[in-house]
Amino acid sequence: MRHLLSTRGLARDEVVDLLDVAEGMADVERREVRKLPTLRGRTVVNLFLEDSTRTRISFEAAAKRLSADVINFAAKGSSVSKGESLKDTAQTLAAMGADAVVLRHPASGAAQVLAQSGWIDAAVVNAGDGTHEHPTQALLDAFTIRRRLHGADARGRDLDSVEIAIVGDVLHSRVARSNVWLLTALGARVRLCAPATLLPIGVGGWPVETDLHLDDALAHRPDVVMMLRIQAERMDAAYFPTAREYAREWGLDDARFGRLPEATMVMHPGPMNRGLEISARAADSAASTVLEQVANGVSIRMAVLYLALAGEHGRAPEVAEVGA
Amino acid sequence: MIRTVLEPADIDRALTRIAHEILESNRGAEGLVLLGIPTRGVTLAGRLADHVSRFSGAHVTFGSLDVTMYRDDLARQPTRRPAPTRIPDGGVDGRCVVLVDDVLFSGRTVRAALDALVDQGRPSVVRLAVLVDRGHRELPIRADFVGKNLPSALSESIRVRLVDHDGVDGVTIESSASGTGPTGTAADGAGAEGTGA
């Protein structure tokens, strides 16, 4: 794997393989020394041109666990706020010898541009580009679901016929998009639920079912309910009348949560708006995977950095028996 | 040209002898942990653990220790897929750990295994058991228990087959002059040590 730009087009075997590598990374958490020497001498740049705390520190923790050097580069306080272009920033990073660039950018497609530009010869990992994709979030979600379902026996498994409902602002959600492609590639059945104003145009062409009402979606008894964040920063039009109405119609409140079967997983990519899309009781319950998602995020990002950086450049990954 | 060096009975005899030698050097089964290096080392560790348990009457545990993340040639090879590491309950602290692999060659795999092991804890003693020692060491490493010393030319490849992976037990030596190229043989045979150098 040279770059990780999107989950669209990833094959099932490829994803299962990546999740298996992440299982190995998760084992490192339980050891006496929680660090691997694998990426010693490699440099990972976290280029975050849009605000983010958890994704950045997750990538930072992942790179450090693999002994890579980490340079954090945020828009605020950098030359980017003086109007430096992505091209100039990339060339500066290339001159510093960056081996991988983890890019968060407000424009959809920015990671793709960086990877194909020739401005920099580094592995590019998309950490969220506009409303396009956030592949590592989808990978950690799939990893979390697989671990909850299969525990220590998870290696080698996909998500065949697991029912997953993704609820909320699908229109602006790169998490939802990455999850649709990834989860369906793994064999899961995905159902999107949102007010009509927050479903993207063209959703009919996606490999999903859609519901306009949360109660209809929950009536299908999904194995997983993934609540999306209402992104106040992107609420630039009247998508729904009031926050209270949204919470009443599309929020996972105490009453709806109480009616879910006990085994149903409740997921949220964070940060949560408690009382809006998810009630505090649902968020803090045993059904909630929110904290597992954070912990698993580090394992997934370690796996992605390992696969992008450890091998000899430009050669296809070896899936042969050695180490299999 | 392919020549068989160890038949199934030879492999079993070698493992039986190694099991006795391990018990002898450790003065019993107390505190023994066998850790195999994936893939075939783990199978061998399991067989050794059976023998040692039977001879000593004590239950001796075995596990696997993946060394992928500790290799010194990661940047020179296509990306390797790490295998699971499974440390038996009780860990390795203060134990006598016997590392088990199929072929000892350059010694680089064992070097990586030693690094991987100290990140798991602090064993009191670490020993090395291998089914075949083919020579050509590149590091100051030697095995404590050897099934068969097999002086070989660098152009030859040693292939260890075990029932669990290959349907049959056996060790063959193959000169690269024969039809299959050295890389082809190494990729599906001889284990990581054979391909390392």
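At what angle do the axes of H5(A) and helix H6 of chain A cross? I started there, bearing in mind that this is a predicted model.

**Entry 1: two helices in chain A**

I looked up the axes of H5(A) and H6 (residues 174–185) and found that they come within 8 Å and cross at roughly 55°. That angle makes H5(A) oblique to H6(A). I also noted the hand of the crossing, which is right-handed. Then I listed who makes the contact: from H5(A) I got A:Pro135, A:Gln137, A:Ala138, A:Leu139, A:Asp141 and A:Ala142, and from H6(A) A:Val175, A:Ser178, A:Asn179, A:Leu182 and A:Leu183. Sorted by kind, the residues of this contact come to seven nonpolar, three polar and one charged.

**Entry 2: A:Ala142**

A:Ala142 belongs to helix H5, which covers residues 135–150 of chain A. Is A:Ala142 buried or exposed? I get 29 other C-beta atoms within 10 Å, and the cut-off for buried is 20 or more, so A:Ala142 is buried. Leaving out residues up to four places away in sequence, I found that A:Ala142 touches A:Leu19, A:Leu159, A:Leu182, A:Leu183 and A:Leu186. I checked A:Leu19 separately: A:Ala142 and A:Leu19 are 123 residues apart in sequence, yet their C-alpha atoms are 8.3 Å apart in space.

**Entry 3: a sheet in chain A**

Next I traced an open sheet of four strands in chain A, with parallel pairing and the order E2-E1-E3-E4. Which strands stand at the edges? They are E2 (69–74) and E4 (123–129); each has a single partner strand, so one side of each has no neighbour in the sheet. Ignoring direction, neighbouring strands here are turned by 15° against each other on average.

I then went to the pair E1 (residues 43–48) and E3 (residues 100–105) of chain A, which is parallel and runs over five bridges. In this pair I found A:Leu47 standing opposite A:Leu103 of E3(A). I also looked for what lies across the sheet: helix H11 (residues 290–309) of chain A lies across E1, E3 and E4, and runs at about 150° to E4(A).

**Entry 4: cis peptides**

I went through omega next. One cis peptide bond joins A:Gly270 and A:Pro271, with omega about -10°. I placed A:Pro271 in the loop between strand E9 (265–267) and helix H10 (280–283) of chain A. B:Thr39 sits in the loop between strand E2 (32–36) and helix H2 (40–56) of chain B.

**Entry 5: positive phi**

Where is A:Ser67? I found A:Ser67 in the loop between helix H2 (54–65) and E2 of chain A. Phi of A:Ser67 is near 70°, a positive value in a residue other than glycine. With 15 other C-beta atoms within 10 Å, A:Ser67 is partly exposed.

B:Arg27 lies in the loop between helix H1 (8–26) and E2 of chain B. How many other C-beta atoms lie within 10 Å of B:Arg27? I get 8; the cut-off for exposed is 12 or fewer, so B:Arg27 is exposed.

Key:
Residues numbered from 1 in each chain as written. Chains lettered and ligands numbered in written order. Predicted model: local features only at pLDDT ≥ 70, side-chain atom pairs only at ≥ 80, totals over all residues. Contact = placed C-beta atoms within 7 Å. Axes fitted to C-alpha atoms, helices over the stretch in contact; angles between N-to-C directions. Parallel < 35°, antiparallel > 145°, perpendicular 65-115°, else oblique. Left-handed = near helix turned anticlockwise from the far one by under 90°. Nonpolar A, V, L, I, M, F, W, Y, C, P; charged D, E, K, R; others polar. Pairing = 2+ DSSP bridges.
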